Amino acid sequence: MTPVKIAPSLLAADFARLAEAVDMVNRSEAAMLHIDVMDGVFVPNITVGFPVIASLARIATKPLDVHMMVTDPGRFVGQVRDAGADIMNVHVEACTHLHRVVQSIRTAGMRPAVTLNPATPVCLLEEIISEVDMVLLMSVNPGFGGQKFITSTVDKIRRLRALMASAGVSPMIEVDGGVNLATAPDLIAAGADVLVAGSYVFNAPDPTQAITTLAHITPSRQ
Ligand code: DX5
Ligand code: ZN
């Protein structure tokens with residue numbers, strides 16, 4: 001069985017020791033490094049910007065998965081690329097011209113991903129699904145780490161897989177929020193390819209081992 005890909009979220013790391021956190025992720029089984037950018041408008045919190053991402057990119061050996069929780073993220077495609085992102089995740093709810101933003105992400109040389117808030121239905125992806133490399137389903141309302149997992153996300157993954165099948169495409173499915181050893185087996189069984197994990201990883205006594213354990217967890221029986 002292919003292990004599920006793990007994307008540790010630096011939001012739960014000690015921001016005074018980000019280099020140590022990146023080094024841990026470099027040496028771990030993580031598939032990518034998840035960086036949460038928040039603008040205080042789209043979500044009620046503010047995190048890091050381009051200078052921090054650029055500094056982290058210089059020491060990271062895993063691809064950077066940059067999750068833009070900002071209004072009108074299309075304004076920042078060039079800056080996200082120049083900072084060193086591999087994947088740029090934009091919220092459907094934050095883009096008036098989503099198709100244009102997705103295309104500009106690809107033209108800039110990054111892999112486009114689109115993100116849905118918990119209340120946003122998968123049917124809104126119908127016209128964009130064949131243009132993206134990944135879909136991120138939020139399993140908490142974005143803005144903060146350490147929140148409770150929204151269980152309806154498991155069925156939402158199944159609905160997304162059905163939409164992908166009818167379009168004949170297979171972008172990766174990523175899930176973000178409240179991922180831990182209790183919630184991951186159902187997510188993997190439903191078809192998640194990438195699990196973002198913040199507090200589960202960085203609050204663990206041994207974060208490297210926590211990543212390995214999550215990557216090899218047994219899916220629930222369907
Ligand atoms: C929340 C962020 C998440 C956050 C997840 O808005 O997008 O990436 O770090 O944190 P946990 O894993 O603690 O729910
Ligand atoms: Zn995130």
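## Aromatic pair

One aromatic pair is found when the whole structure, a predicted model, is searched; rings of Phe, Tyr and Trp (its six-membered ring) pair if their centres lie within 6.5 Å. The ring centres of F50 and F76 are 5.6 Å apart and the planes stand at 45 degrees, so the pair is tilted (planes under 30 degrees apart count as stacked, over 60 as edge-to-face and the rest as tilted).

F50 belongs to helix α2 (residues 50-59) and F76 to the loop between β3 and α3 (77-83), so the pair ties together parts that are 26 residues apart in sequence. Helices (H or I, at least four residues) and strands (E, at least two) are DSSP runs, numbered from the N terminus.

## Contacts of ligand 1

Polar contacts are pairs of N or O atoms within 3.5 Å. An oxygen atom of ligand 1 lies 2.9 Å from a polar backbone atom of G146, and an oxygen atom of the ligand is 2.8 Å from a polar backbone atom of G198. For S199, an N or O atom of the side chain is 2.3 Å from an oxygen atom of ligand 1.

## Shell around ligand 1

The elements giving two or more residues to the shell around ligand 1 are β2 (33-38), β3 (64-69) and β8 (194-197). The largest share, three residues, comes from β2.

## Basis of the model

This is a predicted model, in which local features need pLDDT of at least 70 and side-chain atom pairs count only at pLDDT 80 or more, while totals for chains, interfaces and linings use all residues. Residues are numbered from 1 along each chain as its sequence is written, chains are lettered from A and ligands numbered from 1 in the order in which they are written, and side-chain values use heavy atoms, with hydrogens and water left out.

Note on methods. Polar contact = N/O pair within 3.5 Å; in protein donor to acceptor, adjacent residues only side chain to side chain.
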